[in-house]
Amino acid sequence: MNIPVLTIVVPCYNEEEVLHETTKQLSEIISQMIKENLITDKSKILYVDDGSRDKTWAIIEELNGVHPFVTGLKLAHNVGHQKALLAGLEVAGKNSDCVISIDADLQDDISVIKEFILKFHEGYEIVYGVRKSRETDTFFKRATAQGFYRFMQKMGVNVVYNHADYRLMSKRALEELSRYKEQNLFLRGIVSLIGLKTTEVYYDRKERFAGESKYPLKKMLSFAFDGITSFSVAPIRFITFIGFLSFLISSCVGIYALVIKFMGHANTGWTSLMVSIWFLGGLLLMSVGLIGEYIGKIYEETKGRPRFAIETDLYTDEMVKSEVGARFNMIRGKKG
Ligand code: UDP
Ligand code: MG
């Protein structure tokens, strides 16, 4: 097998505190693997600046100037982790044989990157990084995250347990991925739909070494909700079921009420009336809201808007430059 070009895609949103350290650690690993002939020296770290409001982009540009591996992609505005990652994967996929995605805070153990590459050499197209345990996470984060995976699986969304967006994808897998055009992006779910030859690598998850989590509870909940409603109609079916159940119950209660009435001891029935009005009202509102959620998704999909806008693409610029340079040298070589 030829030696592959690797690009490590790192989405960054307000990550000025971690970029220097991340660059140091990742480039050590890259140099090491180049030495061992596992990847070529054209391998890169691609930072995707997701519309940060701090000095993130300035730092990326600075690192790009001094560091042979570092390159960057600046998105025009903040589009969120998933879409930022997708932007990076699309750009990197054109010039790389394999791409690894990892968060900027290096909570995922980078020493297994080498294992990813070894698996790639063995012919795997997708390698998932899977967390062994979550001891370093707070109890709250651990419980919510674990609940999340369980719930997703119950709802019929096929996600790899304890796998975040730390994975290797081959060029071929990325080409398949680019055929999924949906706006409501839940990469973990989509990648497991691709198929191809897949394996898992296990690691321990660490604490964020600087900065704070960009996924507060509110974002996590909406992420989970999006994940479910993008992949499964189980919630709607559940509502139909509840509707059917309450129809059955109210039929029984209705018959009971009629019998009582004809037997002549109808009471004022205030309590039962109030309870059922509020109960059904709540149920109906919730159901309409949930169906609205799906309609909203359809609305977003039909507009077919671009998922991200690129402001600056240092990576492709460099690739073009080096290609033009190589061709120029070739022509000159021929003439001379
Ligand atoms: N991120 C991003 N855009 C956003 C939010 C987050 O690109 O709108 C990036 C962030 O910079 C980090 C990754 O997504 O590299 C994961 O975020 P974080 O580490 O804060 O999430 P957690 O690990 O706490 O779930
Ligand atoms: Mg993190």
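The side chain of Gln-82 comes within 2.8 Å of the backbone nitrogen of Leu-187, a polar contact (a pair of N or O atoms within 3.5 Å; within protein, one must be able to donate a hydrogen and the other to accept it, and residues adjacent in sequence count only if both atoms are side-chain atoms). Bear in mind that this is a predicted model, where local features need pLDDT of at least 70 and side-chain atom pairs count only at pLDDT 80 or more, while totals for chains, interfaces and linings use all residues. Residues are numbered from 1 along each chain as its sequence is written, chains are lettered from A and ligands numbered from 1 in the order in which they are written, and side-chain values use heavy atoms, with hydrogens and water left out.

**Around Gln-82**
- Gln-82 sits in helix α3, residues 81-93; helices (H or I, at least four residues) and strands (E, at least two) are DSSP runs, numbered from the N terminus.
- Gln-82 is buried, because its relative accessible area is 6%; buried means under 20%, exposed over 50% and partly exposed in between (1.4 Å probe, protein chains only).
- Beyond its neighbours within four places in sequence, Gln-82 is in contact with residues including Asp-165, Phe-186, Arg-188 and Phe-223, where contact means heavy atoms within 4.5 Å.

**The ligand 1 site**
- What surrounds ligand 1? There are 19 residues around it, and the closest are Glu-15, Asp-50, Asp-105, Ser-213 and Lys-214; a residue belongs here if one of its heavy atoms lies within 4 Å.
- That shell splits into five nonpolar, five polar and nine charged residues. Ala, Val, Leu, Ile, Met, Phe, Trp, Tyr, Cys and Pro count as nonpolar, Asp, Glu, Lys and Arg as charged, and the others, Gly among them, as polar.
- Oxygen atoms of ligand 1 lie 3.3 Å from a polar side-chain atom of Asn-78, 2.9 Å from a polar backbone atom of Ala-104 and 2.8 Å from a polar side-chain atom of Gln-107.
- The protein covers 95% of the 540 Å² of accessible area that ligand 1 has on its own, as worked out by the Shrake-Rupley method with a 1.4 Å probe.

**The magnesium ion**
- Asp-105 (OD) and Gln-107 (OE1) coordinate the magnesium ion (ligand 2) at 1.9 to 2.0 Å. Donors are N, O and S atoms within 2.8 Å of the metal (3.2 Å for Na, K and Ca), and water is not among the atoms, so sites may look incomplete.
- Both Asp-105 and Gln-107 are buried.

**Two residues with positive phi**
- Most residues other than glycine have a negative phi.
- Asn-14 isn't a glycine, yet its phi is positive, at about 50°. Asn-14 is in the loop between β1 and α1 (19-35), and counts as partly exposed because its relative accessible area is 22%.
- Leu-106 isn't a glycine either, and has a positive phi of about 55°. You'll find Leu-106 in the loop between β4 (98-101) and α4 (113-121), where it is buried at 4% relative accessible area.

- Thr-7 belongs to strand β1, residues 6-12, and counts as buried because its relative accessibility is 0%.
- Phe-308 is in the loop between α10 (270-303) and β8 (310-313), and is buried at 17% relative accessibility.
- Leaving aside neighbours within four places in sequence, Phe-308 has contacts that include Leu-75, Val-79 and Glu-90.
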